[in-house]
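Here's a quick briefing on the structure below. Have it open while you read, and follow along topic by topic.

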Amino acid sequence: MPATLTTCFHLFPNPTSYPKPTFSTTIPSAFSASSSSYPINSNASLSFIAPIEAILFDIDGTLCDSDPLHYYAFRDMLQEVGFNDGSPIDEEFFINNISGKHNEELCNVLLRDWEFKKAMKFMVDKEALFRRIAAEQLQPISGLDKLCKWVEDLGLKRAAVTNAPRSNAELLISMLKLEDFFEVIVLAEECARPKAFPDPYLKGLNALKVSPNHTFVFEDSVSGIKAANGAGMAAVGMATRNPEQMLLDAGATLVIKDYNDPKLWENLEVLVKQKSTI
């Protein structure tokens, strides 16, 4: 069943001119350890979730490797408006200050001296540039097809929960051919508060009518992991671009490299065995 949504391009060089970035593995000091009750241990088990009912997914950086494309869009546009005295931002700045945040929040982080309407227009133009780059360069996270088949074969409920604007979410879901996979897509812009508040994930749980005790989340950002934990769910951190320790410190139960990671499948096999005995 197809998912239901709960409720001018900037002129830049051809997207194919953007090289694939190599992100820093420096752990930003700005993030302090989470007070989450979930075990901060990369070898922790998801067995306490059994019997599993549903899985919720972030989109950017979790279903697809989109952070580098966001980084390049922000880097070029911020440089164009003279941010940081015209010096381009680097990957560490992106990880520390931009990754996982909602655009309204970023207006205050990056453009606090601008009128809000002007700052939001900047964000709209940035998202347009991102979509232009993504249309040619977007790649799914390795093993995504395998995981989606596993979810479908078990008949688990699933939702996508994102801070991205509607136009981005629709583009990425379409490019990944997941329109019929997700039962629900929750947009943070249609919630009272975005991630890192729990509201989007609480809305996803309510839409699927599942318990947070039997559901977990795939997330790649500190704000997303905190939102999942705040909604009462465990989070599996995707170390697509952000450092593993940063995700663990945010409250991830375990961290994986991609959907082929043996650590993930060891945990999923345990959940299947426990589901079959109940």
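**Aromatic rings and buried charges**

Phe181 is buried, with a relative accessible area of 4% (buried is under 20% relative accessible area, exposed over 50%, partly exposed in between, using a 1.4 Å probe and protein chains only). Bear in mind that this is a predicted model: local features need pLDDT of at least 70, side-chain atom pairs count only at pLDDT 80 or more, and totals for chains, interfaces and linings use all residues. Residues are numbered from 1 along each chain as its sequence is written, and side-chain values use heavy atoms, with hydrogens and water left out.

**Aromatic pairs**

- Searching the whole structure turns up 11 aromatic pairs (rings of Phe, Tyr and Trp, with its six-membered ring, pair if their centres lie within 6.5 Å; planes under 30 degrees apart are stacked, over 60 edge-to-face, and the rest tilted).
- One of these is Phe181 with Phe182, an edge-to-face pair at 4.9 Å centre to centre and 75° between the planes.
- Phe182 is buried too, at a relative accessible area of 0%.
- Phe216 and Phe218 have ring centres 5.1 Å apart and planes at 70°, so that pair is edge-to-face.
- Phe216 and Phe218 are both buried.
- Put together, Phe57, Phe181, Phe182, Phe216, Phe218 and Tyr259 make up one aromatic cluster.

**Charges over rings**

- Arg158 lies over the face of Phe181, 4.9 Å from the ring centre (a charge sits over a ring if NZ of Lys or CZ of Arg is within 6 Å of the ring centre and within 35 degrees of the ring normal).
- Over at Trp265, the charged end of Lys146 sits above the ring, 4.4 Å from its centre.

**Salt bridges**

- The structure has 11 salt bridges (a side-chain nitrogen of Lys or Arg within 4 Å of a carboxyl oxygen of Asp or Glu).
- Asp58 bridges to Lys195, with the closest N and O atoms 3.0 Å apart.
- Asp58 is in the loop between strand 2 (54–57) and helix 1, while Lys195 is in the loop between strand 4 and helix 7 (199–208), so this pair ties together parts 137 residues apart in sequence (helices, H or I with at least four residues, and strands, E with at least two, are DSSP runs numbered from the N terminus).
- Lys195 also forms a salt bridge with Glu219, where the closest N and O atoms are 2.7 Å apart.
- Glu219 belongs to strand 5 (residues 215–219), so the Lys195 pairing links parts that are 24 residues apart in sequence.
- Through shared partners, salt bridges join Asp58, Lys195 and Glu219 into one network.
- What about burial here? Asp58 and Lys195 are buried, and Glu219 is buried as well.

**Helix 6**

- Asn168, Ala169, Leu172 and Ile173 are buried in helix 6 (residues 166–175).
- Viewed down the axis of helix 6, these buried residues fall within an arc of 120°, so they line one face of the helix (the arc is that of the directions from the helix axis to the C-beta atoms).
- That buried set packs against helix 1 (67–80), helix 4 (116–137), strand 3 (157–162) and strand 4 (184–187) (contact means heavy atoms within 4.5 Å).
- Arg166 and Glu170 form a salt bridge with the closest N and O atoms 3.7 Å apart.
- Arg166 and Glu170 are four residues apart in helix 6, so about one helical turn separates them.
- Arg166 is partly exposed at 25% relative accessible area, and Glu170 is partly exposed at 40%.
- Just past helix 6, Lys177 adopts a positive phi of about 60°.
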